[in-house]
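Hi,

Here is the structure I said I'd pass on.

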Amino acid sequence: MSKVYFLKTENNSSDELLAGKLKALIAKEELFNFIAEKDMVAVKTHFGESDKSGYARPVILKRIGELVREKNALPFMTETSTLYKGNRDNAVIHIEHALKQGFGFENTGMSIIMSDGLYGDEEIDVPINGKLYDSVKIASLIVKSHGLVCVSHFTGHLIAGFGAAIKNMGMGCASRKGKMVQHSTAKPEIMPELCTKCKQCVMWCPAQAVTMGDDSAVINNDKCIGCGECLAVCRFDAVKYNWGATYEELQKKIVEHAFGVYKANEGKSIYINILTRISKDCDCMSRYENICGDIGVLVSHDPVAIDAASLDLVEKFSGRNFSDMAYDIPYRFQIDYAKEIGFGNADYELVEC
Ligand code: SF4
Ligand code: SF4
């Protein structure tokens with residue numbers, strides 16, 4: 001059974017207050033003892049697509065960086081490039097975007113170094129001996145750094161069911177090729193008879209894969225990266241996914257990539273899930289729809305245990321199944337599949353702090 005520490009918060013409590021309590025908890029429980037002097041420690045986060053999304057705020061990262069420095073180690077924030085064109089598809093614009101979002105040194109006390117290099121192609125094959133892959137392609141610095149602090153904002157997710165530590169590791173720490181491999185099977189289809197030509201999907205597709213044809217929107221499968229944004233924005237049910245072939249497949253791929261991240265940092269990682277500003281969609285989406293009151297922060301050395309505990313807490317606090325709050329798909333599949341491949345431990349002991 002894995003320990004998961006739970007720090008409860010009041011609804012709409014300040015980020016500053018929460019960050020201070022998190023720092024005190026980590027120090028008291030000596031949770032950063034895996035960090036040694038002179039270690040270069042990657043603090044993986046998500047800088048948010050817009051200032052409206054619910055990403056972990058800079059002050060949380062600042063306190064984490066301070067704790068790493070107290071070990072006489074060197075923290076740096078890190079991220080990877082997205083597959084789709086936008087604010088975050090290469091290192092230069094991604095870092096500029098992060099700075100605009102408030103993640104500068106003055107607010108976090110850390111520099112930003114992209115794990116997958118300038119173009120998202122710097123990667124290391126990590127052997128996992130999984131059911132789908134013998135090895136997975138993980139961003140170089142996630143493997144080369146001497147420790148990993150993975151800070152994840154808990155959200156719903158259109159295809160993965162929910163996004164937290166496993167998703168942040170599996171997709172968020174994969175190189176561009178690793179991400180491509182994960183997205184390769186999920187492709188949507190337009191139903192022309194239902195399409196009203198409202199152009200929402202054309203406007204929101206991050207890969208510019210949708211154009212307007214004579215009778216309906218048209219998807220270019222060569223450009224499509226399977227992100228599901230078109231499905232989310234279409235109000236007329238004109239976009240269809242073959243869910244049976246996608247959600248299970250994608251979740252398995254995410255979990256196996258997350259396993260690679262975990263293995264590359266075995267004994268040298270910790271996971272922090274932020275359960276505030278919980279949204280229906282992940283932080284890659286620019287829209288924000290809050291689906292649950294603020295719950296708190298969880299910390300664990302086990303990414304599977306922390307995600308299982310996060311899901312349970314969200315359902316307990318809201319009194320609803322997560323599929324009624326976000327998307328109606330089997331949202332515990334990630335956890336179940338992790339168990340199947342011997343990754344982490346879904347059984348946890350919740351330590352309320
Ligand atoms: S959002 Fe839906 S209805 Fe609008 S153009 Fe796209 S497929 Fe057609
Ligand atoms: S899934 Fe839809 S929105 Fe995403 S890349 Fe493909 S066509 Fe574009």
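Helices (H or I, at least four residues) and strands (E, at least two) are DSSP runs, numbered from the N terminus. This is a predicted model, where local features need pLDDT of at least 70 and side-chain atom pairs count only at pLDDT 80 or more, while totals for chains, interfaces and linings use all residues. Residues are numbered from 1 along each chain as its sequence is written, chains are lettered from A and ligands numbered from 1 in the order in which they are written, and side-chain values use heavy atoms, with hydrogens and water left out.

Let's start with Cys227. Cys227 sits in the loop that joins strand S11 (217-219) to helix H9 (229-233). If you skip the neighbours within four places in sequence, Cys227 is in contact (heavy atoms within 4.5 Å) with Leu158, Ile159, His183, Pro206 and Tyr241. Leu83 is 144 residues away from Cys227 in sequence, yet their C-alpha atoms are 9.3 Å apart.

Cys227 also turns up beside a ligand. Ligand 2 is surrounded by 14 residues, and the closest are Cys205, Cys224, Cys227, Gly228 and Cys230; a residue is near a molecule if one of its heavy atoms lies within 4 Å of it. That shell has 11 nonpolar residues, two polar and one charged. Here Ala, Val, Leu, Ile, Met, Phe, Trp, Tyr, Cys and Pro count as nonpolar, Asp, Glu, Lys and Arg as charged, and the others, Gly among them, as polar.

Ligand 1 has 13 residues around it, with Cys195, Cys198, Lys199, Cys201 and Cys234 nearest. Its shell splits into nine nonpolar, two polar and two charged.

Now for the helix pair. H1 (residues 15-28) packs on H2 (residues 58-69) at about 25°, and the axes are 8 Å apart; axes are lines fitted to C-alpha atoms over the stretch in contact, and angles run from 0 to 180 degrees between N-to-C directions. H1 and H2 are therefore roughly parallel, a label for angles under 35 degrees. Among the residues that meet are Leu18, Leu22 and Ile26 in H1 and Ile60, Ile64 and Leu67 in H2. By class, the H1 and H2 contact has nine nonpolar residues, one polar and five charged.

Last, the aromatics: rings of Phe, Tyr and Trp (its six-membered ring) pair if their centres lie within 6.5 Å, and the count is 11 pairs. In one of them, the ring centres of Phe6 and Phe317 are 6.3 Å apart with planes at 85°, so the pair is edge-to-face (over 60 degrees).

Cheers

Conventions:
Parallel < 35°, antiparallel > 145°, perpendicular 65-115°, else oblique. Phe/Tyr/Trp six-rings, centres within 6.5 Å; stacked < 30°, edge-to-face > 60°.
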